[in-house]
Amino acid sequence: MGILEVKNVGKRFGGLQALGDVNLSIAENSVHAIIGPNGAGKSTLLNCLVGKLIPDTGSVLFDGQSVLGRKPYEINQMGISRVFQTPEIFGDLTVMENMMIPCFAKRDGSFGLNAMTNMLNDRDIVNRAEHMLEEMNMVDKRHMHSASLSRGDKRRLEIGMCLSQEPRLLLLDEPTAGMARADTNNTIDLLKQIKDERDITIAIIEHDMHVVFSLAERITVLAQGTPLVEDTPDNIKGHPKVREAYLGETQAA
Amino acid sequence: MDQIILQFLNGLDKGSAYALIALGLTLIFGTLGVVNFAHGALFMIGAFCAVTLQRILTLSTIVEDPTKTDFLGNPAKISTPYVESWFGPEVGATLIDWSVPLAILFAIPIMVAIGFIMERGLIKHFYKRPHADQILVTFGLAIVLQEVIKAFYGANPIPTGAPEAFRGSFDFGVLIGFDPNAIIYPYWRMVYFAFAAVIIGAVFAFLQFTTFGMVVRAGMADRETVGLLGINIDRRFTIMFGIAAAVAGLAGVMYAPINSPNYHMGMDFLVLSFVVVVVGGMGSLPGAVLAGFLLGILEAFASMNEVKAIVPGIDQIIIYVVAIIIILARPRGLMGRRGVMEE
Amino acid sequence: MLGLTKKDFTLFMVVLAMVALAPFILNPFPQGSSLAQMFNAGYPDLMQRFVIFGILVIGFNILFGLTGYLSFGHAAFLGVGSYSAVWMFKLLGMNVIPGILLSMVVAGIFALAIGYVSLRRSGIYFSILTLAFAQMSYNLAYSVLGNPTSNFNLTNGETGLQLLLTDPRVLGQSTTADGSLPVTNFFGIAMRDSYELRLGDWLFTFNAGYYLCGIIMLISFYISIRIFRSPFGMMLRAVKSNQQRMNYTGLNTKPYTLAAFVISGIYAGLAGGLLSSMDPLAGAERMHWTASGEIVIMAILGGVGTLIGPILGAGFNEYFKNILSKINDGVLHQWLGFLPDGVEDFLVTIIHPFVGKGWHLTLGLLFMVVIIFLPGGLVEGGKRLGRMIFGNPKRSTAEAEADAAEQRNTAAE
């Protein structure tokens, strides 16, 4: 029994069967990659996990509890954090404020009418946020507007924000898309470090095979809305079906 | 039964006005992505085009008539409109009498020009600004336009009559087998409805059957992609803005005999037209027209004495109540598409 | 101090000093002089409007400035507050406190209901929905609930709700000993009582009602500073910045925006209650959507999202409205009398549409200019001016923002 159990999930948009019959089990404290060519249904699947979409059929269990029909914020409070393809951060706010918000969300829940205290007098939250900024190597940027950060720093900040919630499952949607090589490698190192230092399950959707094979412990290949094969990275590399699915796309490295 | 038909007819002319304004609002919103709070002001300016033309046509020379004297014994002053002295009394009088329909010709170039100037001079600079700024700047413009009109024409409504031929009422009931005088409907309102139907039809035909319209429709659906095809969408959208301004203006011209133009009539209609747009579904042209007529007719029914006896004052709020119910039940409106204004 | 940072505390003290000394500041010219007639504003009713509209816009700014939700229907809450307070004076007694409290409670409930529906949508939809609600409330107040012949006449329609000699006033008196209407008071201090101080040619008026409103405005202002600096305030700014991230950070945006909406509705109700406390008469025109538009204008003129902006915007709007509407052709001729007659007449004709009854036009133009060129309002204008005169012109907005952020992120003492 994995921490995330996807059973017989199907999703149809009009005439398009985006997800066929997806079964997926992600083991606790593993790094699980989901790969597949464009239009394979990776993003649809991810959106079904976080509450953005509700699948037509099947079930999604997180730690034994169904997530279906719950709002994204409820699912997040259950312990699933999501990193977006283009970093979603609070651009008008400073880096420090960005980091404090998930700390509040973790401690006070989905809503708190905490209108009369000065947020910077909340030592508990400030310490947590500062600690996480240190871990992300961003202390010197704490007063910067986060919109003016570089792409790589925005990504770091977003991952830091997710981690400060101490999620049990971290979902990454193409975390290195559109990044320069150096930033990509930095991100890989950061994710490796996270995986080594924490009790956390990571599910990653990725195009870049370099990233996938550097991180993943298990890989699911999705094609045309159904899982083609699931195996360890070494076995996936030589799998004929995978090569077939990727023909003309990306040669499996 | 006759009451129901009567109210249905009564709803048509107001519904026509709502539909025409909402149509323009939706065109602008769909193409430019801007909510135009000054759209009501365009309607109002249209109505004042009718007033202006009437005033121009009745500009008069004053001549002393030596054969008659007034009560003080001075020669009587007779004012003769220029048009009457130029074209002869009969043609001149006819021109003055028909000033409202004639104002359509007068209003089209004016409204299109105002639309172009508005879009190129002001709204263009707000495409990349937040929606709130767009709302605010057009709201400011609406205030300015209505105050300018007020400065020129004063605060009081200006009666502007329909041509003599359309002033009476038509006994509609007799036509379909009811007693005489059961269903009386003013001619001009029938003209207004017919006019609105023609304009709406023309706009839809234009969008449906011309290449220009096809590009605009494609642009409404997906602006970026059309832009990528190398089609200069911006210029077309400017023209679309001019057309929308003209539609609002013509709606105003023809409404002048129904409701004497005053400087705040635009704002009054604007609020309801927004409700119409929301009920119809943001960005849906058929939705705007449908909701316009629906709400106009609903309002007419709510103002029946029988209805008011059950729920006093319902005619004042029915549109809002219906709008709220629809928003709660169908947040996208009657014919709204997914993904419009949902960030 | 008071749980504020040093800078915020200084700002608060400046506002406090301005409120306390307003009768002096607003009456710079000796009584009876022509300049005084035009530019003095230290009259009780005008000063009351300054602070009352200050409260209203401070509240509006909590919603629009922090969350970015542009409400076009805030006048509805002002109107509801006004009616509630007058009803309290009719039924209970002439002490203003119950009236003010009721106006806040009723406006809060009203805001909860309207906000619950309107906040199902965001952006333009939200603006239009609030506009529709406000206009519906106006129609209700103007005709539906205000039919003088019906048993359920809540608002007295066109005439407006006013005190009558026959009102019960269970805790007070229906009529005074001399048979007139009692006046509104704060535990015995009549709101219209004034102390007049004569210094040479100058006359300064200290009005009880003004000071009550002033104190309430200071409290409102203080609360708004606290909200701006609180975690709640940060969440509201986060809503404005990125709702998607909010949702995926486990935060439910709905109650945050609703709370902000209700708080700003309560502020507006309070302002309405105070208007009625100063002059116990409530009319539907206070709820008309152009009144809502004026609130937006005041907020923009001052500077949205800033602390002091709303107060500046409200003061500026009321002050210039007052001056502009006083300028008529006679005044213009007097001012321009030194010019040759032809030029004088020409200039008077040009200026005429912009002053007197045409003040709306001037404010409308000013509003457009501010939106187009100075989206930060007077506050940003002041900053730019300061930079031009004293500062380093190369200083970028990014640095200024960083400064503001640092200021925000400094812990209170």
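Let's start with a stretch of chain C: residues 124–145 are 86% helix and 0% strand, with end C-alpha atoms 30 Å apart. Please keep in mind that this is a predicted model.

**Annotated spans in chain C**
- The unreviewed UniProt entry marks several spans of chain C as "transmembrane region", among them 124–145, 208–228, 255–275 and 361–379.
- Residues 361–379 of chain C are 84% helix and 0% strand, and their end C-alpha atoms lie 23 Å apart.

**Where chain C meets chain A**
- Here 33 residues of chain C are in contact with 39 residues of chain A.
- On the chain C side, at least two residues each come from helix 7 (208–229), helix 8 (231–241), helix 9 (243–247), helix 10 (253–278) and helix 17 (397–408).
- Helix 8 of chain C gives the most to that side, with 7 residues.
- Sorted by class, the side of chain C that touches chain A holds 15 nonpolar, 11 polar and 7 charged residues.

**The largest nonpolar core**
- This core has 295 residues, and the members touching the most others are Leu23(B), Val275(B), Leu56(C), Ala132(C) and Ala271(C).
- Helix 11 of chain B (residues 233–255) gives the most to the core, with 15 residues.
- In chain A, the core lies between domain 1 (1–79 + 170–253) and domain 2 (89–166), because both give residues to it.
- Beyond its neighbours within four places in sequence, Ala271(C) is in contact with Ile52(C), Phe53(C), Ile55(C), Leu56(C), Leu78(C) and Gly81(C).

How values were computed
Residues are numbered from 1 along each chain as its sequence is written. Chains are lettered from A and ligands numbered from 1 in the order in which they are written. This is a predicted model: local features need pLDDT of at least 70, side-chain atom pairs count only at pLDDT 80 or more; totals for chains, interfaces and linings use all residues. Two residues are in contact if their C-beta atoms, placed from the backbone, lie within 7 Å. Helices (H or I, at least four residues) and strands (E, at least two) are DSSP runs, numbered from the N terminus. Ala, Val, Leu, Ile, Met, Phe, Trp, Tyr, Cys and Pro count as nonpolar, Asp, Glu, Lys and Arg as charged, and the others, Gly among them, as polar. UniProt positions are given in the numbering used here, feature names are shortened, and annotations may be inferred rather than shown by experiment. A nonpolar core is a set of buried Ala, Val, Leu, Ile, Met, Phe, Trp, Tyr and Cys residues joined through C-beta atoms within 7 Å. A residue is buried if 20 or more other C-beta atoms lie within 10 Å of its own, exposed if 12 or fewer, and partly exposed in between; C-beta atoms are placed from the backbone. Domain bounds come from an automatic or database domain assignment.
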